[in-house]
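Student: I would like to go through the side-chain contacts in this model. Could we begin with the rings and then turn to the charges?

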Amino acid sequence: MLNSDLNIHHMKNRKQLIFVLSMFLFIVFNANSQDLLNILEKEAPNTPLYTQATFKANRILIGQSVETRKKGVLEFVLGTRYWNIPNNDTSQSFGADRFSGHFGMQYAFTDRFTFGAGITSFDGIVNGFAKYRLVRQTEDNKVPLGITLVQGASYFSRDFAIFSLPQNSSERLAYATQVILARKFNRNLSLQLTPTYIHSGVNQPVPDKKDFFALGFGGRYKLSNHVTIASEYGYLFGRDEGEEGFNLFSLGVNWEISDLIMQFSMTNSKSFDDIASYTLNANNFHFRPGGLHIGVNATYVLHLKKRKPRPSE
């Protein structure tokens with residue numbers, strides 16, 4: 001009987017001890033949780049969640065997008081363009097009369113600043129650009145738009161299409177200043193507006209005029225996690241369309257494969273250049289020879305710095 005009473009007494013003491021320890025742990029954990037919540041509430045307003053992947057690449061198809069890459073990212077761009085010429089009896093429907101190739105590189109010095117340069121075979125244009133992301137859209141829509149500034153420069157090395165260039169090499173330089181305004185409305189839809197000022201020593205498309213204003217429109221719609229359709233239109237003010245060239249239009253598909261982005265496009269622009277694609281389009285967009293140019297671009301993304309995991313897009 002004595003042993004039995006002692007066992008019962010020990011069991012009661014053990015239960016009381018477990019109860020006291022449980023209450024102590026509950027109080028400590030609850031207090032720490034409250035402290036952690038208070039800390040998070042204080043820090044949350046200072047750490048906004050920025051909208052990711054308004055567009056998939058630095059360019060929609062031809063023109064600049066609002067995007068800049070993460071610091072330390074180096075991109076290699078290889079572009080091709082194919083088209084037939086009108087009234088060519090030797091032209092084949094399955095072939096291409098003309099070909100243009102483009103090679104470019106662009107590097108992100110910071111998350112907001114990217115610099116790039118490139119050269120094109122057909123029109124001999126050498127260009128470069130500096131791109132700064134001034135404002136970033138936030139997920140809570142307190143900042144509803146993204147704003148990026150772009151300054152580009154191009155050198156036209158030779159005549160092409162119907163356009164003749166000045167003999168003086170200094171007059172073959174052109175400059176473009178762009179303010180890109182973009183918004184990602186939801187997971188699938190993004191739209192962009194690009195007011196553009198162009199100063200060109202090339203006396204085309206409008207003779208005796210060197211300063212132009214243009215307005216670019218662009219958008220993309222996401223079909224799946226890796227495939228989007230994209231389109232852009234560029235309107236140049238103060239031009240007699242037709243006689244002095246045509247406005248830019250392009251339509252295509254972007255396909256993201258890990259660190260490789262493939263872009264397939266149809267456009268009326270022969271050029272890959274930001275300035276020439278606005279000003280020097282000899283034909284309108286149509287599906288007859290001379291009006292349709294098929295583009296296939298490949299952009300390879302090389303991460304020179306350790307990449308952090310991306311948030312869900």
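Student: How many aromatic pairs does a search of the whole structure find?

Tutor: The search finds eight aromatic pairs. Rings of Phe, Tyr and Trp (its six-membered ring) pair if their centres lie within 6.5 Å; planes under 30 degrees apart count as stacked, over 60 as edge-to-face and the rest as tilted. One of the pairs joins tyrosine 107 and phenylalanine 109, which are edge-to-face with 5.0 Å centre to centre and 85° between the planes.

Student: Before we go on, what kind of model is this, and how are residues numbered?

Tutor: This is a predicted model, in which local features need pLDDT of at least 70 and side-chain atom pairs count only at pLDDT 80 or more, while totals for chains, interfaces and linings use all residues. Residues are numbered from 1 along each chain as its sequence is written, and side-chain values use heavy atoms, with hydrogens and water left out.

Student: Which aromatic cluster does Tyr107 belong to?

Tutor: Tyr107, Phe109 and Phe113 make up one aromatic cluster. Tyrosine 107 has a relative accessible area of 23% and is partly exposed; phenylalanine 109, at 44%, is also partly exposed. Here buried means under 20% relative accessible area, exposed over 50%, and partly exposed in between (1.4 Å probe, protein chains only).

Student: Where does the charged end of arginine 81 sit?

Tutor: The charged end of arginine 81 is placed over the ring of phenylalanine 272, 4.1 Å from its centre. The criterion is NZ of Lys or CZ of Arg within 6 Å of the ring centre and within 35 degrees of the ring normal. Arginine 183 lies over the face of phenylalanine 185, at 5.2 Å from the ring centre.

Student: Now the salt bridges: how many does the structure hold?

Tutor: The structure holds four salt bridges, each a side-chain nitrogen of Lys or Arg within 4 Å of a carboxyl oxygen of Asp or Glu. Among them, glutamate 256 and lysine 56 meet at 2.9 Å, N to O. Glutamate 256 is in strand 10 (residues 248-257) and lysine 56 in the loop between helix 1 (2-43) and strand 1 (73-83), 200 residues apart. Helices (H or I, at least four residues) and strands (E, at least two) are DSSP runs, numbered from the N terminus.

Student: Is glutamate 256 buried or exposed?

Tutor: Glutamate 256 is buried, with a relative accessible area of 11%, and lysine 56 is buried at 11%.

Student: What does arginine 59 form a salt bridge with?

Tutor: Its partner is aspartate 274, with the closest N and O atoms 2.6 Å apart. Both arginine 59 and aspartate 274 are buried.
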